[in-house]
Amino acid sequence: MNPQPCPAADILSAYMDGELEASEQSIVSSHVLGCGLCTAELRSLRAVDVLLRRSPDVALPRFDTSVLSRRQRLLPKPILVILIILALAAIAAGGTAIGLKVADILRTDKNVETQPAESFPSKSHEEMKEGSEAQTTPSGMEWEIWSVPEVEAALEAPLLQPTYLPEGYELVQRYAPLQLNAEILYLAADGTSISVRESNHKHGNVERPPVPPGAGEQVDIGGHLGIYIRGGWFQEEPEGLPVWDPDLVHSVVFDSGTLVVEIDAPVSIERDDLIAIAVSMK
Amino acid sequence: MTSAELVSRAQAGEEHAFAQLVLSHEHELGLFLYRRVNDPHVAEDLLQDTFLAAWKAIRKTGPDLRVRPWLYKIALNAARQWERRQRILRFVPFQPHQTTAQGETLPDQDDVQRVLRKMRREDAELLLLKTAAELNYSEIGALLKIKPATVRQRLHRARERFRALYGNEKETG
């Protein structure tokens, strides 16, 4: 009979991982040798790890090392944002040739279906909001707040931050995870969030799909040309075509001269309030 | 050449040395990212971003760099950033994914992927960092900003949860 009682389940797991102190590892080892239950449990735990280490049937991604020699992997994406802004400016000025040409960008992509969200039968907007809020604040979520100098070092430019925010929003995230763009997130108790993303022109990391006609509006952001966009793309997971929902979110994109800044906010925040946040960026 | 030498040369800007590091780690990071985001196309994009970010940043790292946990940190941040964008914008794609826009479907998921999707996201992440990534408790703790003792408890719960769900999957599947 085995003189030692069976170790607690998490100890057995740590034993398998070689994470116990040497003396403890030795005690558990002696026990396991004489205990059929623990041997079986260990075998079962190892099977879990084997399953997770096994390659799936899909082809796993590879990295193309030739991109290392290039300065940038993709064309600078702020170009799209800037073109949209130019298009709006040109259209406002009376529809010049460049305006008409670039106005195509504002039209919806042919592969993308647009329809009012209210005609989308499967899920109401409210239901969707409830579902996503539950995901936004999962228990144990780790937020990261980098210091401003850390973010600026990654961004290679002075960081802009709002000096005005609607009541109740608190900073939960400020970082530059890929050293390409900065992301600042403010969260309210109701789970809604205001997100600020900043991209240095020279890195280029602003991605924005075309917006349908009428969804964008030229605005002045403290002397900088900006665009206010009412709505956003919505896509059911995991398949299905995206649809434009004018009540999903609204955003302001502007070019500070060094950075392309994009601020997204829930529509519970007034349009003028969102623009005020953008204007307050210092 | 040892891994330490490769790291040192990559830090000095030697592209060939960095490419060797990529070769050593791309499979495991690709597996980790695929399991984490559940989409091979997104995983591919994130793998590119991870290595490009690493190439850009490695010159700023010090001689004591432990390259595997560091790469996983970048990959994890890339995955989280991608995921956060999905959440924050409430499923608004920044770039409608081509496969979706063209009406194609993702490859059939395997049992492991289905089980991972049923788990709490943080448990699945922890499990992958231990199994696919083979990091130790202290490396995982540093990455997730939790104590190694917490890693131990949570990891075991995650393994038990995976095992139970996988058993159900096999019974029903």
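The model is predicted: local features require a pLDDT of at least 70, side-chain atom pairs count only at pLDDT 80 or more, and totals for chains, interfaces and linings use all residues. Residues are numbered from 1 along each chain as its sequence is written, chains are lettered from A and ligands numbered from 1 in the order in which they are written, and side-chain values use heavy atoms, leaving out hydrogens and water.

Over residues 70-142 of chain A the pLDDT is below 50. Where pLDDT is low, the predicted coordinates should not be read in detail.

Turning to the cysteines, zero disulfides (pairs of cysteine sulfur atoms within 2.5 Å) are found over all chains. The sulfur of A:Cys35 has its closest cysteine sulfur in A:Cys38, at 3.7 Å, too far for a bond. A:Cys35 is buried (under 20% relative accessible area, with exposed over 50% and partly exposed in between, for a 1.4 Å probe and protein chains only), at 9%. A:Cys38 is likewise buried, at 4%.

Six aromatic pairs occur over all chains; rings of Phe, Tyr and Trp (its six-membered ring) pair if their centres lie within 6.5 Å, with planes under 30 degrees apart stacked, over 60 edge-to-face and the rest tilted. B:Phe18 and B:Phe51 pair edge-to-face, at 6.4 Å centre to centre and 85 degrees between planes.

Note on methods:
pLDDT is the predictor's confidence in each residue, from 0 to 100. Contact means heavy atoms within 4.5 Å.
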